[in-house]
Amino acid sequence: MSCKGGNSEFQSVLPVKVIQFGQGNFLRAFAEPIIQKMNDSGIFGGSVVIVKPTPRAEAQSLKATGCRYTVVERGPQGGRLVERAVKMNCVRDYINPYETPQRLIDYFLQKSVGVVISNTTEAGIVYSPGERFEDFPNFSYPAKLCRLLYERYLAFGSDAGLLVLPVELIENNGAKLLQCVKLYAADWSLGADFISFLDNDCRFCSTLVDRIVTGHPRSSDEKELYSRLGYEDPFAVCCEPYLSWIITSGGEELFPAHKVFKDVKWVSDAAPYRERKVRILNGTHTLCAAASLLCKVDTVRDMMNDKDIRTLAERALKEEIIPTLRLEPKELEEYKNTVFERFENPFIRHRLEDIMLNCVSKFKTRCLPSVLDTVKAGGEPKMLAFSLAALLFYYKSAISCGRASSLRDESDVVNAFSAAAKTDDFVSCVLQNESLWGVSLTDSASFAENVRRFFDDIETLTARTALRKALYE
């Protein structure tokens, strides 16, 4: 395992430029490697202060290691298998604002600070009426951010706006965070000039992140990792080599990450990239999961090594998914190839049974838009029809065998499938249930007929034989 790291003095000599709310595995394996590489490349020259986002007790503080730790990147990249350890020394401090709230305010009052990054989970970007200005820091993240930005505004005026980069998995997360902050500003009567500062001098960017972070190795693998590293690191975090960050434009000069990572992109509209990720990466997981399990394939990597399942994915993407997307075909093909390479990572065991969690709503969100767009364009989405037939058969089989409780889905969904299983026409009953799909899938007669035909083939010929018939005949 190769090991590299930047100048060991970064921590003590570089000014604080980033304040980060969140110390979990994801951010430490996502944001810090970007900042570290910008520092190593000489284009940023800033350190990070990590803020504990909640008052919950923690087993060990990052300060125990001097805020230094190792990111271990493992997996295929550009056609070869890489395994490298990168030492992070860009974090200057780790603070618990519930114990030392003034220290957090003091950091926000450093003129060098230009960027705020957060990952406080989807529940972190919320507005809670009734929170009081004087209760800092014992309230939500948006309320804390409002109070801290106000302190900075009072100290420096409109010249001290910040770039705010939330990575919470919420669509339009930047706009929603700004909305929450402005609601607190109104509640606390902080004035029209401060609202103008938020709107015009701060930049709240919406972002879309992508990197698989598996976290610290299990205890059974920990000793082997330490042996390979040559030292112990209780905060070492493992991840795949791939990293993508789509950010709405406006902060390129403050945070020039695009100069060191080709998949960090500043864009005018993140929606096409979100659509790309949902339909290609997430959609491939979903369209293959039930069919794979019916064919006795258990993991994403095994799915990619199975000729029939891989062909199902390849054809669905080429014929029915990629043509419905708005980005350039060449860019979409390159992204698809990267996704497939990531799926083959031998260091990640992604169970297909986990992907089946709430799979009906996942199909509705990830795959159905491609179905509807293909039908609207006059095409026949046969591979997605087979995928849906496999999903329907998987659910019906569990219900018919008395294993409805094994279906990891919402009770309303399971109840709808159970009711359909008692009718003479299970497939039509499910397809026309608008509470499941938002539309009646029998509106397209050819699509509904294909689903029925593939369902019947799975039931009478076995899933593997039915899949090969759909693919090759």
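Me: Why are helices α8 and α10 called oblique to each other?

Reply: In this predicted model, in which local features need pLDDT of at least 70, side-chain atom pairs count only at pLDDT 80 or more and totals for chains, interfaces and linings use all residues, the axes of α8 (residues 271–294) and α10 (residues 307–321) cross at roughly 135 degrees and come within 10 Å. Angles under 35 degrees count as roughly parallel, over 145 as roughly antiparallel, 65 to 115 as roughly perpendicular and the rest as oblique, and α8 and α10 are therefore oblique. Residues are numbered from 1 along each chain as its sequence is written, and side-chain values use heavy atoms, with hydrogens and water left out.

Me: What makes the contact between α8 and α10?

Reply: With contact meaning heavy atoms within 4.5 Å, the residues involved include I280, L287 and A291 of α8 and L312, A316 and I321 of α10. By class, this contact of α8 with α10 has 10 nonpolar, 2 polar and 1 charged residues.

Me: How do you know that α15 is largely enclosed by the rest of the structure?

Reply: Buried means under 20% relative accessible area, with exposed over 50% and partly exposed in between (1.4 Å probe, protein chains only); 15 of the 19 residues of α15 are buried, so this helix is largely enclosed.

How values were computed: Helices (H or I, at least four residues) and strands (E, at least two) are DSSP runs, numbered from the N terminus. Axes are lines fitted to C-alpha atoms, for helices over the stretch in contact, and angles run from 0 to 180 degrees between N-to-C directions. Ala, Val, Leu, Ile, Met, Phe, Trp, Tyr, Cys and Pro count as nonpolar, Asp, Glu, Lys and Arg as charged, and the others, Gly among them, as polar.
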